Amino acid sequence: MTAKIIEILIMEGIALLMIWLGYMIGVKKRMEFIAGYNETTADRVINKDGLARLIARVCYLVGIASALMPVATALFGTTNASLMQWIGGYGGFIVGVVALTLLQAREYTK
């Protein structure tokens, strides 16, 4: 039971952090929260609003997936094999989202 509580605390904490980052980047336009973005690299960004929207969407997606992960493992992770499949699927989702973001971010930079 304590492992489930730890999972919920960690995953919901990640979800809250990612949704907060999405809000700060997408709505408040706080570009300094984007990794690698600073004053020396700001001139390489062609479309700051587009990049902010892209990164905010990624943060929201990761936040929603992280919030739903404890529910999915509680409902469908009844055996070790199914639990590992859900954890692997979550990891694959994160890797895919990051890879697609890297490809799409090239449209907003030179």
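These notes cover a helix pair, a pocket and an aromatic pair in a predicted model.

1. Start with helix α1, residues 2–26, and helix α2, residues 48–76. Their axes come within 8 Å and cross at roughly 165°. Angles over 145 degrees count as roughly antiparallel, so α1 is roughly antiparallel to α2. The crossing of α1 past α2 is left-handed.

2. Next, consider which residues make up this contact. Where α1 meets α2, the contact residues comprise 19 nonpolar, 5 polar and 3 charged.

3. The largest pocket holds about 580 Å³ of space. It is lined by 24 residues, and those closest to its centre are Ile34, Ala35, Leu51, Ile55 and Ala105.

4. Which helix gives the most to the lining of the largest pocket? That is α3, with 6 residues. Helix α3 spans 80–105, and α1, α2 and α3 each supply at least two residues of this lining. By class, the pocket lining has 18 nonpolar residues, along with 4 polar and 2 charged ones.

5. The whole structure contains 2 aromatic pairs. One of them joins tryptophan 20 and phenylalanine 33, whose ring centres are 5.4 Å apart. The ring planes of tryptophan 20 and phenylalanine 33 stand at 70°, and planes over 60 degrees apart count as edge-to-face, so this pair is edge-to-face.

6. Tryptophan 20 belongs to helix α1, while phenylalanine 33 sits in the loop between α1 and α2. The pair therefore ties together parts that are 13 residues apart in sequence.

Conventions: Residues are numbered from 1 along each chain as its sequence is written. This is a predicted model: local features need pLDDT of at least 70, side-chain atom pairs count only at pLDDT 80 or more; totals for chains, interfaces and linings use all residues. Side-chain values use heavy atoms; hydrogens and water are left out. Axes are lines fitted to C-alpha atoms, for helices over the stretch in contact, and angles run from 0 to 180 degrees between N-to-C directions. Helices (H or I, at least four residues) and strands (E, at least two) are DSSP runs, numbered from the N terminus. Angles under 35 degrees count as roughly parallel, over 145 as roughly antiparallel, 65 to 115 as roughly perpendicular and the rest as oblique. A crossing is left-handed if the near helix is turned anticlockwise from the far one by less than a right angle, and right-handed if clockwise. Ala, Val, Leu, Ile, Met, Phe, Trp, Tyr, Cys and Pro count as nonpolar, Asp, Glu, Lys and Arg as charged, and the others, Gly among them, as polar. On a 1 Å grid over the protein atoms alone, a cavity is a set of points where a 1.4 Å probe fits but cannot get out, and a pocket is an open set with protein on both sides within 12 Å along at least five of seven lines; lining residues have an atom within 4 Å of a point. Grid points are joined across faces, edges and corners, and a volume is the space filled by probe spheres set on the points. Rings of Phe, Tyr and Trp (its six-membered ring) pair if their centres lie within 6.5 Å; planes under 30 degrees apart count as stacked, over 60 as edge-to-face and the rest as tilted.
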